[in-house]
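Dear colleague,

I am handing over the structure that follows, and below it I set out what was found. Please read the notes with the model open beside them.

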Amino acid sequence: MKKTEKQILIFGGTTEGRMAAERLLAEGVLCTVCVATEYGSEVMEPHPLLTVHVGRMDRMEMVDMMGGEVYACVIDATHPHAQKVTEEIRAACRKTRLPYLRVERDLSEADPSERNRQREQLAENSVAYYLWKDDPCDRSLFEKGSFEKGSFEKSLFEKGLYKRDLYKNDFCKNGSSGIIASEDLPAVLYAENAELAASFLARTQGRILVTTGSRELGKIVQIIGDPSRISARVLPSRESLEACTRAGLKGDQIIAMQGPFDRQMNISTILHTRASWLLTKDSGRVGGYQEKLEAAQQCRIRTVVIRPAASDISMPLEQVLKTALGYAGMGKDGRIQDSDSMTWKPDPFFPAGREYEDMTGNAAQRVAEKEKHTLTGRCIAKAAENGVREGRQDLWLVGVGPGSHEARTKEAQLALAQAEVIFGAESVLGVLNRDQMLKKRAMEPVYVPIYDSARILRYLQDHPDICRAAVAYSGDSGFYSGASSMLSLLRTKQKFPTGVLEHLSVRIICGTSSVSWFAARAGIPWQNWKILSSHGRTCNIVGQVRSHPECFLLLSGAEDLRRTGRLLADARAQGVLGELRLIYGYELSRAAEEIRSCTPEELCSLDESRLKEGLYVLYIEHKDAKKTPVLPGMADSSFLRGKAPMTSAEIRALSLCKLGLTGQAVVWDIGAGTGSVSVEAARTCPEGTVWSVEYKKDALELLYKNRAKFCLSNMEIIEGRAPEILKELPAPTHVFIGGSGGEIGAVIEQALAKNPRARFVADCITAETLMALQEAIRRLPVCNVHAVQVSVQRMEELGRYHYLKAQNPVFIIFFSGK
């Protein structure tokens, strides 16, 4: 037996550590086994190829031991719950660039105390816990199936609290009602897969909005068993729609839209579907996950999140030994291989070719000397010269421009060249990974596809050895960028323990925005543009274009561009907009870049061969916007009218002035009638939202027609009676009451419950309404109460003469919540 030249370093003190050493020693591999106590040394059989190190070590002591190119790799066979030791070993391996192998322990063989520890760690926000809690089953009903390693369901199985039939929704009753009471449930629950989430929802009541996509929709519907409870939001593709049809969903249960969506769009969807439950996946910020949670919270419904169990980097002992022998240069036939000919096998915890290196001191000087004529070399030399303060982490929020290297500022290039780790969305990291300038670095950075700010900060917290990290944001860091959420989180520090962020040095690095790049390419000054975005957001495009002579719009893709063309063409046909000049940009700064002029009608007609998928922006010039009135005052004849009552033009204009609408107002129009107040409010505040509440069928028909006539995407029509239906609406900033059905006090009370500082205007024609309003004002917390009585006379013709015809007098009462 010929021994190897390089050793294997084993951190043991466990049965797995002893077994690993014995197996490697039998293969003729030199081993050093580190144990914390003398007892750990005593259980090791003496061997001529074995060295035992006794005593606890911190990270720096481990680094010192691993240095000198003595060891081929490191095996971590410490106890599964010795998390601190494992973190120290990993960090030392990163510093020394030694491969790290973690031995997986089979928990099914753990001792009873280990299983009791698991029992005490029940995750009470898991749906599996509530299914078990509501309907415990006998051990005899369990059948060990394909449970994922380390999952919550497996831990329940080990405790005898879970059975495989759960996925089939076949529960033993044991006196259970079969329905899980929702009163005591948390607002957000988690499931490790779609089957478990559906099994839980099958035992709840109420409608369900499913936003997990179409791939598992059929399985979800089948397990829940009642398709009528489900509304699904899926991609607008043939495959998605066919999947919905196969699942048994009808047309009014299918919402085909391209996401991600902002909070307001999610609220509208929840209200439209009248959902009591939201089923979603943890898709991160790029997928709009946080916006869905916020919308569900505002609508006061519960959310079930499918979040798979975190993947483990550990491997079975046999696989660890096989990998370790490869690192040690042992071939399959036991012969020692030439270490120079071996293929590098990376640490499974870190992707191939992305190892960390401490770029300070001598290492930095060597790299700087090697690349002294390159940008990277100058950056590293400067960093080595300045040094890094002990414990400090530099975090750079970098705007990387529209896409190409040429569009990146020099400062952004410097930051990316120095960063050890670069975070960002997958699309942005994909562009950087293809950047030849970054590939010329002596050490390529680690690309971590994380966009969520909180997760990035936790990653840095868990990896304190990272000295310099960058977050790459497309375009400019201050223009529709995730940098704003990062800065907000850093200011609050609420989600992190005291001291965690104290050593973080943050710097914002601006980039070339798509606005400035497009303006230069199109040859148009952009200082007067109204900047808009429909990229995963709700945007009142027609309303903004109507009010602004020049608009610049960020789009989600080709279909969003076509949809915008249809909206603008329809608005022109309705007379809402005048002549328009459009210029769209495609894949700015990249090889496929295009800048083209067109009309709205031409945009609608472009097919897939002429309008390829990719990143689009749109410039819209509307010269007639300068003629748009800034105050309400539309003529009564502008509206489609029927038998439903309508607030007259004079009263409407005065009421809206007293309402004092703001730019992003959330307006309730109670008893909307024909919608004249709603229409004027929506046109006055294109960035606000108007919720028109009405229950009469003839009035509702007129509401829909008038909304379509004026192309108002920021006017939401709510069918139902106030005050009951108001519980589902978002908190108002302004409330107009034109009709309340005798419930004016309850309406005001409901609005104050959602926003104690809301602004109110109520129009009263009858004495009974006025008296009811006076009574409500006396008992409710309101202030600054004022009233005016308005009598309007309109001049009309009578033969050869003109006379003033009196209208009904109206009391206009306006006040605010305290």
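Is the crossing in which α3 passes α4 left-handed or right-handed? The crossing of α3 with α4 is right-handed, a term used when the near helix is turned clockwise from the far one by less than a right angle (anticlockwise being left-handed).

This is a predicted model, in which local features need pLDDT of at least 70 and side-chain atom pairs count only at pLDDT 80 or more, while totals for chains, interfaces and linings use all residues. Residues are numbered from 1 along each chain as its sequence is written, and side-chain values use heavy atoms, with hydrogens and water left out.

The axes of helix α3 (residues 59-66) and helix α4 (residues 83-96) come within 9 Å and cross at roughly 45°, where axes are lines fitted to C-alpha atoms, for helices over the stretch in contact, and angles run from 0 to 180 degrees between N-to-C directions. Helices (H or I, at least four residues) and strands (E, at least two) are DSSP runs, numbered from the N terminus.

The other part is an open sheet of five strands, ordered β3-β2-β1-β4-β5 with parallel pairing; two strands pair if DSSP finds at least two bridges between them. Because β3 (50-54) and β5 (100-102) stand at the edges, each with a single partner strand, one side of each lacks a neighbour in the sheet. Strand β1 (residues 7-11) pairs with strand β4 (residues 71-76) in the parallel sense over five bridges, and the bridge partner of Ile10 in β4 is Ile75.
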